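I opened this model to look up its surface patches, ring pairs and charged contacts. My entries follow in the order of the searches.

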Amino acid sequence: SNQIVLGNSSSTVYIPGNLVVDGGTILGRTRNRVILYGTAKQKFAEFAGAYGGDSVFEGREGWGSATVGNFTVEGWVVHSDRRLKNLGKKYTTGLEELKKLDFYHYTFKKDESKTPHVGVIAQDLQKVFPNAVTKADDGYLTIRMEDMFYAVINAVKELDIRYKRQEKRIDELEKQNAELLKRIEKLESK
């Protein structure tokens, strides 16, 4: 149920132009499959060699391809292996920077269906995360989400530290309060 089948096992189906699939996509058979999640250029991929197919990935960061069994799929892939990176200093941006950002409900002016979105305005983001904004060939500003994504993770860490400090302080105050109540009870009982 809820499947779309193009062709059969002995046919080849050509799609002239772009095929965009939103949501989970499975290409291949049970043994040799490629699973894609997400939309164009925001792909999370599972190249399922564990299901019996040979899994081969080519490319580093950016547009790459994976071959599983008889299937080759291209998509957006980011490698994060330490051996591929020249590490710099730790990224410490977090809560203070995120508090400076405003987020909006919006629709694109040329979108006739008026699909609702939520996001940040590139000009605003540029003031807080200048490296996250670039100008495209058409003159419009584009953003990289990773600066904000990792700032959110740092902000959660910051809030966790604050929470643990407050929890410890509350425990200390509760102990002090209990001791004071005992003293008051002793004084009242005399």
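**Entry 1: nonpolar patch**

I found a nonpolar surface patch formed by Tyr 91, Phe 149, Tyr 150 and Ile 153, with about 390 Å² of accessible area together. My patch rule takes residues with over 30% relative accessible area and no salt bridge, and joins like charges within 9 Å and nonpolar side chains (Val, Leu, Ile, Met, Phe, Trp, Tyr) within 5 Å. The areas are Shrake-Rupley values with a 1.4 Å probe, and for residues only the protein chains shown count as cover.

The model is predicted: I required pLDDT of at least 70 for local features and 80 or more for side-chain atom pairs, while totals for chains, interfaces and linings use all residues. Residues are numbered from 1 along each chain as its sequence is written, and side-chain values use heavy atoms, with hydrogens and water left out.

I placed Ile 153 in helix α3, residues 146–189 (helices are DSSP runs of H or I with at least four residues, strands are E runs of at least two, both numbered from the N terminus). Ile 153 counts as partly exposed because its relative accessibility is 35% (buried is under 20%, exposed over 50%, partly exposed in between, with a 1.4 Å probe and protein chains only).

**Entry 2: aromatic pairs**

How many aromatic pairs does a search of the whole structure find? I got 2. Tyr 106 and Phe 108 make an edge-to-face pair, 5.5 Å centre to centre with 85° between the planes. Phe 149 and Tyr 150 have ring centres 4.8 Å apart and planes at 85°, so this pair is edge-to-face. The rule pairs rings of Phe, Tyr and Trp (its six-membered ring) with centres within 6.5 Å; planes under 30 degrees apart are stacked, over 60 edge-to-face, the rest tilted.

I noted Phe 149 as partly exposed at 46%, and Tyr 150 as partly exposed at 43%.

**Entry 3: salt bridges**

I counted 5 salt bridges in the structure, each a side-chain nitrogen of Lys or Arg within 4 Å of a carboxyl oxygen of Asp or Glu. Arg 144 bridges to Glu 146, with the closest N and O atoms 3.5 Å apart, and to Asp 147 at 2.7 Å, N to O. I logged Arg 144, Glu 146 and Asp 147 as a linked network of salt bridges.

Is Asp 147 buried or exposed? Asp 147 is buried, because its relative accessible area is 10%. Arg 144 is partly exposed at 36%, and Glu 146 is partly exposed at 41%.

I also recorded Arg 169 with Glu 172, at 3.4 Å, N to O. Both lie in helix α3, 3 residues apart, about one turn of the helix.
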